[in-house]
Amino acid sequence: MKARSNSLDDATVTKLEKQLNERPDKNELIERNILKDDKGIAPSLIAAREKLERSRLEDKLDQALQQRPKPEELVQQGILKDKETSTANV
């Protein structure tokens with residue numbers, strides 16, 4: 001096999017090695033919620049679980065939006081001024 005030539009100078013190689021040695025390990029990234037802890041679960045199941053969770057959140061948000069008061073009700077309660085509702089409906 002042909003040896004691969006290094007196109008990086010020694011300073012760059014040293015800098016990259018230092019940064020790679022200082023990067024956090026997998027457990028730290030999981031604790032910081034950067035990586036997800038799959039605990040050996042099949043990727044297809046993880047994807048299905050995430051899709052279900054997102055769907056539940058969308059349903060919860062939709063329900064909350066349907067239950068919020070209308071701008072006219074907020075004007076009647078003195079929370080909004082009448083002219084604020086005309087710009088909100090645009």
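Student: What should I know before I start?

Tutor: Residues are numbered from 1 along each chain as its sequence is written, and side-chain values use heavy atoms, with hydrogens and water left out. Because this is a predicted model, local features need pLDDT of at least 70 and side-chain atom pairs count only at pLDDT 80 or more, while totals for chains, interfaces and linings use all residues.

Student: How many helices and strands are in the chain?

Tutor: Helices (H or I, at least four residues) and strands (E, at least two) are DSSP runs, numbered from the N terminus. Here you get five helices and zero strands.

Student: Is helix 1 buried or in the open?

Tutor: Buried means under 20% relative accessible area, exposed over 50%, and partly exposed in between (1.4 Å probe, protein chains only). Of the 13 residues of helix 1, the number buried is zero, so helix 1 lies largely in the open. Across the 90 residues of the chain, 6% count as buried.

Student: And how many salt bridges are there?

Tutor: Look for a side-chain nitrogen of Lys or Arg within 4 Å of a carboxyl oxygen of Asp or Glu. That rule gives three. One of them joins Lys36 and Glu50, with the closest N and O atoms 2.7 Å apart. Lys36 sits in the loop between helix 2 (26-31) and helix 3 (43-67) and Glu50 in helix 3, so the pair ties together parts that are 14 residues apart in sequence.

Student: Which of these counts as exposed, Lys36 or Glu50?

Tutor: Lys36 is exposed at 61% relative accessibility, whereas Glu50 is partly exposed at 31%.
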